Amino acid sequence: MLDQLPEIIDPVVFAERHSHVVGRIGLQRMVRLSDFLFDKDGELNVNLQFYKEGKVPIIEGRIEGHITLTCQSCLKALPWTVDKTVKIGMVQTIEQADRLEEGFEPMVVSDQKMSLSAIIEDEVIIALPDYPRHESSCMEYSSTKPLFEEPEEIKQESNNPFSVLAKLKITGDQ
Ligand SMILES: [Zn+2]
């Protein structure tokens with residue numbers, strides 16, 4: 001079980017070994033994606049199966065997680081769920097690309113070694129909307145949903161003294 005995914009992979013070797021890559025990847029490792037992010041902290045869950053279809057290494061699986069984009073209308077936080085199905089055929093020729101099963105996207109590889117985070121990053125960016133924005137009006141959003149969770153935390157803390165008092169009271173009555 002890989003918690004942190006490997007950075008550099010050899011897709012051919014991974015495909016021959018039928019490697020199953022499961023783990024989490026930090027958003028900080030994705031520089032191009034960070035342009036879209038309001039909150040650059042966070043992780044994505046990655047579950048990828050490598051195998052071979054003829055001579056072509058295939059990556060199939062899923063990338064999912066919760067990220068916070070920047071709304072392009074109001075420039076505030078826009079919570080976004082990533083749920084991307086991955087179906088990639090790593091081809092070296094156009095003929096190989098043409099022979100891929102339907103639903104698979106060809107990725108032209110020239111080098112044996114590839115950056116796994118770059119592959120994941122590409123998949124996530126493809127799945128993003130062209131123009132990320134709040135569905136309802138942005139003003140409405142910002143007035144009904146707090147951007148920060150601080151008020152909740154304060155509430156929880158202030159509950160503690162009361163529960164202590166309540167306990168004391170019960171003890172006192174007995
Ligand atoms: Zn907005």
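Is Leu 75 buried or exposed, judged by its C-beta neighbours inside 10 Å? Select Leu 75 and look around. It has 10 such neighbours, so Leu 75 counts as exposed; the cut-off for exposed is 12 or fewer. Keep in mind that this is a predicted model.

**Stop 1: two loops**

Stay on Leu 75. It sits in the loop between E5 and E6. Check its backbone: phi is positive, about 60°, although Leu 75 is not a glycine.

Now select His 18. This residue lies in the loop between H1 and strand E2 (20–26). His 18 also has a positive phi, near 55°, and is not a glycine. Count around it: 10 other C-beta atoms lie within 10 Å, so His 18 is exposed.

**Stop 2: the largest nonpolar core**

Next, go inside. Select Val 46, Ile 59, Ile 63 and Ile 120. These residues have the most contacts inside the largest nonpolar core, which has 25 residues. Colour H1 (11–16), E4 (43–53), E5 (56–70), E6 (77–91) and H4. Each of these elements supplies at least two residues of the core. Which strand gives the largest share of this core? It is E5, with five residues.

Zoom in on Ile 59. Set aside its neighbours within four places in sequence. Ile 59 is then in contact with Leu 48, Phe 50, Val 86 and Ile 88.

**Stop 3: helix H4**

Select residues 116–127. This is helix H4, with 12 residues. Draw a distance between its end C-alpha atoms. They are 17 Å apart. At 1.5 Å a residue, H4 should span 16 Å, which agrees.

Which residues of H4 are buried? They are Leu 116, Ser 117, Ile 119, Ile 120, Glu 121, Glu 123 and Val 124. Step along the helix as you look at them. In an α-helix there are 3.6 residues a turn, so residues three or four places apart point the same way.

Pick Ile 119, which lies in helix H4. Why does Ile 119 count as buried? It has 20 C-beta neighbours inside 10 Å, and the cut-off for buried is 20 or more. Ile 119 and Met 107 are 12 residues apart in sequence. From C-alpha to C-alpha, Ile 119 and Met 107 are 9.5 Å apart in space.

**Stop 4**

Finish by colouring by pLDDT. The protein has a mean of 83, and 78% of its residues reach 70 or more. Then select residues 149–166. Here pLDDT stays under 50. For residues 149–166 the model has one contact beyond four places in sequence.

Note on methods:
Residues are numbered from 1 along each chain as its sequence is written. This is a predicted model: local features need pLDDT of at least 70, side-chain atom pairs count only at pLDDT 80 or more; totals for chains, interfaces and linings use all residues. Helices (H or I, at least four residues) and strands (E, at least two) are DSSP runs, numbered from the N terminus. The expected span of a helix is 1.5 Å times one less than its number of residues. pLDDT is the predictor's confidence in each residue, from 0 to 100. Two residues are in contact if their C-beta atoms, placed from the backbone, lie within 7 Å. A nonpolar core is a set of buried Ala, Val, Leu, Ile, Met, Phe, Trp, Tyr and Cys residues joined through C-beta atoms within 7 Å.
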